[in-house]
Amino acid sequence: MDLGAEEFEQNLPFLQELVQDADFVGLDIEFTGLRSSLSGPQQISLFDLPSEWYLKTRQSVQQFTICQIGLSVFSTIEGEFNKYVAHSYNFFLFPTTFGILDSEFSFQASSVQFLNQYGFNYNKFLKNGIPYMNEEQEKKIKHNILTGNWRVRSSLDKDQIKVVIDEVTRWLDLAEEGDRMTLPGIAGFQAFEVQLVLRQALPNIWTMLKDQGVSPPLKWAVLSGFIASLTHPNPASLKGLSAALLFVYFSCQVVVKKVSQQHRWYLENASCDRASCWKEQILLSARGFSVFFQMLVKAQKPLVGHNMMMDLLHLHEKFFRPLPESYDQFKQNIHDLFPVLIDTKNVTKDIWKELHFPRVSNLSEVYEVLSSNLNPTKNSGPVIVHASKCEKYAQNKCPHEAAYDAFLCGSVLLKVAHLLLQRVHSSGPMPEPSFPQYLDVLAPYVNQVNLIRAGVPKINFSGPDYPSIRPPILILTVRRWPGASEQQVYREFQNLCKFDVRRLTRSQFLLLTNKFKDARSILKEYRCHPTLQVSLYRYWRHSPNINCVLQVCGVVTTWALLAFLLGRSRS
């Protein structure tokens with residue numbers, strides 16, 4: 001199910017209930033770009049420590065933005081044997097444009113082409129994206145609004161505003177005092193903006209929000225609670241009221257009423273429509289998807305992704321706080337937000353060879369293998385069905401659509417967990433499967449997130465990172481090739497295998513790959529090469545720093561020995 005701003009507003013209460021009752025949530029995110037076109041030392045490399053990789057990637061996360069989040073919420077069906085229902089949603093997002101907040105972000109041509117190839121709806125992203133902001137942005141806007149230093153930067157263009165004003169003006173010419181008209185197609189955040197513009201432009205009208213199935217007592221009870229929470233801040237109560245407020249105000253339409261100037265003055269000073277009430281309403285509507293993000297955090301459900309490191313970086317930057325400079329602080333923040341993370345890439349990579357499955361290159365292929373007869377537990381594994389209104393993926397494959405990939409993540413998790421559970425009980429009867437049992441067998445993989453192109457293969461979000469298990473570093477000594485560069489060395493080997501290259505000295509380069517067979521192949525091929533000699537790198541033997549220290553020690557020892565010998569000859 002695809003959700004833009006209006007659909008999101010209408011479905012928010014249901015989404016909150018859905019997440020609270022879920023067993024786990026599958027996640028996938030699409031971006032306007034992946035990595036900045038950095039060169040030289042700023043490129044990520046197999047030589048990078050996790051902290052170095054993080055600092056390099058942090059720059060790209062700050063440059064690009066999220067265009068679509070896919071969530072697939074999996075819940076056990078009560079009374080059914082090992083059966084799950086999946087609610088899958090695409091959320092199209094667009095940064096909040098409000099007051100002083102006017103975000104800048106980049107598009108990467110290759111990412112745009114990639115999403116275009118798979119039918120991404122750029123119109124829904126750009127025209128009807130759900131607003132969002134992080135906590136730091138919210139604090140700044142809240143301060144400006146409550147201190148009176150604020151203004152609305154309209155998300156409607158001038159032509160749209162002019163059409164609305166012209167329509168209301170024509171109606172006013174024929175209307176009598178007390179008559180009303182409803183403006184179609186305007187809801188949510190835009191409803192507040194349109195009301196402000198109309199009230200400023202036309203002195204003989206009044207605007208209000210028409211409730212669609214929301215009783216006035218509920219509306220004002222919820223709003224009063226929100227105003228009280230702003231006067232006496234309490235983060236827990238504020239987050240709890242957010243969903244209710246959004247539901248109340250996003251379930252409304254704009255109604256215009258013709259009034260006299262005296263009645264207009266009275267309405268402007270009425271307690272239920274003071275500027276302070278409007279400020280809180282506008283602030284809340286501008287938060288958009290960030291309200292739902294806080295629901296996810298509060299629910300504390302296991303979050304499942306595939307190669308999800310970039311997803312976590314963007315979640316932190318866009319909805320929580322700007323990414324910190326400290327890598328350890330980032331890890332701690334993510335662990336506090338989502339205590340249980342499961343990366344299906346890490347799980348499947350670890351067990352794939354043991355199960356003798358064919359090689360796969362992406363999430364869709366992983367899902368296809370686990371759903372085929374190659375999976376020995378295909379017929380005994382969990383049954384997964386799509387919820388009503390979310391049946392798009394029952395018959396259609398939509399690779400790289402965020403909600404579809406999120407659904408695949410959750411399905412792969414359940415299928416792999418069932419395989420592991422059967423292996424644990426291979427020598428005896430297998431108990432009736434349940435999701436807590438699946439979590440138990442997945443325990444070694446919890447909070448271990450796959451890392452692409454770095455010195456370690458994964459990051460541990462609940463403790464220290466594990467040491468590298470990469471192939472050994474090789475050293476290339478170049479002869480009769482003056483001025484050789486890292487790029488030239490890379491091109492020399494790229495037809496045989498791919499290495500990351502780093503210069504060590506004028507005539508020596510370090511080579512590193514993530515495949516042991518490639519390291520063995522290069523050692524065998526180039527060990528006795530006349531101009532390019534490759535051998536295993538030994539720190540104590542090849543490090544320029546160690547060589548410098550040894551040379552200094554050698555000189556000092558020589559002079560000391562010479563002085564000793566000269567002293568003895570004189571005596």
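Me: Taking contact to mean heavy atoms within 4.5 Å, which residues of α13 meet which residues of α14?

Reply: This is a predicted model, by the way. On the α13 side you have Met309, Leu312, Leu313, His316 and Phe320, and they meet Phe330, Asn333, Ile334 and Leu337 of α14. Sorted by class, that contact holds seven nonpolar residues, two polar ones and no charged ones.

Me: Why is a set of residues called a nonpolar core, and which members of the largest one touch the most others?

Reply: The residues have to be buried, come from a list such as Val, Leu, Ile and Phe, and be joined through side-chain atoms within 4.5 Å. The largest such core here has 56 residues, and Ile69, Phe91, Phe289, Phe292 and Leu315 touch the most other members. Elements that each supply at least two residues include α1 (5–20), β3 (66–76), β4 (83–92), α13 (309–320) and α14 (327–337). The top contributor is α12, with eight residues.

Me: Which residues does Leu315 touch, once those up to four places away in sequence are left out?

Reply: Leu27, Ile29, Ile69, Phe293, Leu303, Phe320 and Phe338. Apart from this core lies another one, of 36 residues, with Leu413, Val416, Leu419 and Val441 among them.

Me: Over to the sheet that holds β15, β16, β17 and β18: what is the strand order, and why do β16 and β18 count as edges?

Reply: The order is β16-β17-β15-β18, in an open sheet with antiparallel pairing. β16 (500–505) and β18 (532–536) each have a single partner strand, so one side of each has no neighbour in the sheet. On average, neighbouring strands are turned by 30 degrees against each other, direction ignored.

Me: How do you know that β15 pairs with β17 and with β18?

Reply: Two strands pair if there are at least two bridges between them. β15 (residues 474–478) has four bridges to β17 (residues 508–512), in the antiparallel sense. Five bridges join β15 to β18, again antiparallel. Both counts meet the cut-off, so both are pairs.

Me: Which residues stand opposite Ile475 and Thr477?

Reply: Ile475 stands opposite Leu510 in β17 and opposite Ser535 in β18. Thr477 stands opposite Gln508 in β17.

Me: Why is β15 called largely enclosed?

Reply: Buried means under 20% relative accessible area. Four of the five residues of β15 are buried, so the rest of the structure largely encloses this strand.

Me: Which helices lie across this sheet's strands, and at what angles do they run?

Reply: Helix α20 (residues 486–493) lies across β15, β16, β17 and β18, at about 130 degrees to β16. Helix α21 (residues 516–526) lies across β15 and β18, at about 130 degrees to β18.

Me: And for the protein chain, how many helices and strands are there, and what share of residues counts as buried?

Reply: There are 23 helices and 18 strands, and 48% of the 571 residues count as buried. Of the contacts with a separation of 6 or more, 75% come from residues 24 or more positions apart.

Notes:
Residues numbered from 1 in each chain as written. Predicted model: local features only at pLDDT ≥ 70, side-chain atom pairs only at ≥ 80, totals over all residues. Heavy atoms only, no water. Buried < 20%, exposed > 50% of the residue type's maximum accessible area, 1.4 Å probe, protein only. Contact = heavy atoms within 4.5 Å. Nonpolar A, V, L, I, M, F, W, Y, C, P; charged D, E, K, R; others polar. Axes fitted to C-alpha atoms, helices over the stretch in contact; angles between N-to-C directions.
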